[in-house]
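Morning, everyone. I'll keep this brief.

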Amino acid sequence: MNISITKTTCPKEKPDASTLGFGKIFTDHMFLMEYEPERGWYDARIIPFQNLSIHPAATVLHYGSEIFEGLKAYRREDGKVQLFRPIENIRRLNRSAERLCLPEIPEELGMEVLTAFVNMEQDWTPSAPGTSLYLRPLMFGNDETLGVHAVHHTTFMIIASPVGSYYKEGINPVGIMIEDEDVRAVKGGTGYTKCGGNYAASNRAGARAEKKGYAQVLWLDGVHRKYIEEVGAMNVMFKIGGEVVTPMLSGSILPGITRMSCLEVLRSEGYKVSERLISVDELAEAMENGTLEEAWGTGTAAVVSPIGELCYKDKKYTVNGGRSVRSPSTCMTPSRVSSGARSRTSSAGLFPLTDQFSPRKPRHKARFSFLHQIHFTWIKSYRKYCETP
Ligand SMILES: Cc1ncc(COP(=O)(O)O)c(C=O)c1O
């Protein structure tokens, strides 16, 4: 696909890594392309980052026809920039598109435009530990009519934001409130997609949790209000009695790429892992009798985020003694590994994957908690997950 490029005439100053936070700063350019059934995808362009001009009747503003993705580019130790499993995000975007009657993007085209855009913006990939370039592809219905129908004209975009820590707590364990009133998604609905509406509907519970001093909510299923689904906008895992358990994908849970990667790493390391129904009663019992050893969320934004406290029906439970399971000096996430860069070379390109995955035992097994082990294991194997074309 021919991608036209209009460079900004006033490039912004790159931010200091200590000021990054999450999703507040945007790079110099953005990618856009359009779709109509008769024309397919057309008008691919990279232009200076700017506000959109959108018709007041545009479908997305009225009927919420919008889907998005989130993935990261990391600065490697050798200064080059590498994407984390981008093809999985394109596949998930297409599953979301199918559910919302939006057009799919052929995988090769998706990779082509994504890498073209990252190549353009790669100097914005920060190099400090824990930082990365967050990429936000999004697609929305852009018909200029109030009629309710499947979308005809669709716009696809990618914007990018250099990011640091997702939670203000950084890598420290966060407090989570088990939500037993609102539900995030139901089977047959859109829970397995990344559509904006899922997040809008989650906000009320999130705000309630925040008011009570919790970082996020633990979602229960929409039918029985009994089975654990996700934590905030992350998948959730528990280590109970020596076994790692995570809710099975049921249609109302987003199939996280970090979740998939964690499960692959854990299984390759020989850990017992189950994807199954986990009831809130089972969790409460495990918290009461001390068999809940660790709990954590997984997601692109926060990567692996330990849970320090769970609150259910106003009763508070401490997980892992509320202790931080990783200290700043030893915390090893993919971003940490890939961002130990000494230099910020502008010539850095996307690095083609050549390294083969060879699982090795974590060296620090005896000294650190289980969650530590996942981080260490991830360092050893993360290259497997950084597919670039
Ligand atoms: C609702 C929800 N669940 C889980 C995840 C984790 O998915 P991933 O690991 O692909 O980022 C996300 C974040 O994308 C999410 O929004």
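One definition before we start: a residue is buried if 20 or more other C-beta atoms lie within 10 Å of its own. By that rule, 46% of the 389 residues of the chain count as buried. Keep in mind that this is a predicted model.

Now the overall layout. The chain has 8 helices and 17 strands. Take the contacts between residues at least 6 apart in sequence: 74% of them join residues at least 24 apart.

On to the ligand. Which residues come nearest? There are 13 residues around the ligand, and A233, G256, T258, G299 and T300 come nearest. Two elements give two or more residues to this shell: α5, residues 257-268, and β15, residues 292-299. The largest share belongs to α5, with 3 residues. By class, the shell has 7 polar, 4 nonpolar and 2 charged residues.

So let's stay with α5.

Which residues of α5 are buried? They are I257, T258, R259, S261, C262, L263, V265 and L266. T258 is also among the residues that come nearest the ligand. Just after the helix, G270 takes a positive phi of about 90°.

To recap: α5 gives the shell around the ligand its largest share, and β15 is the other element with two or more residues there. That's my part done.

Definitions and conventions. Residues numbered from 1 in each chain as written. Predicted model: local features only at pLDDT ≥ 70, side-chain atom pairs only at ≥ 80, totals over all residues. Near = placed C-beta within 6 Å. Helix = DSSP H or I, 4+ residues; strand = E, 2+ residues; numbered from the N terminus. Nonpolar A, V, L, I, M, F, W, Y, C, P; charged D, E, K, R; others polar. Buried ≥ 20, exposed ≤ 12 C-beta atoms within 10 Å, placed from the backbone. Contact = placed C-beta atoms within 7 Å.
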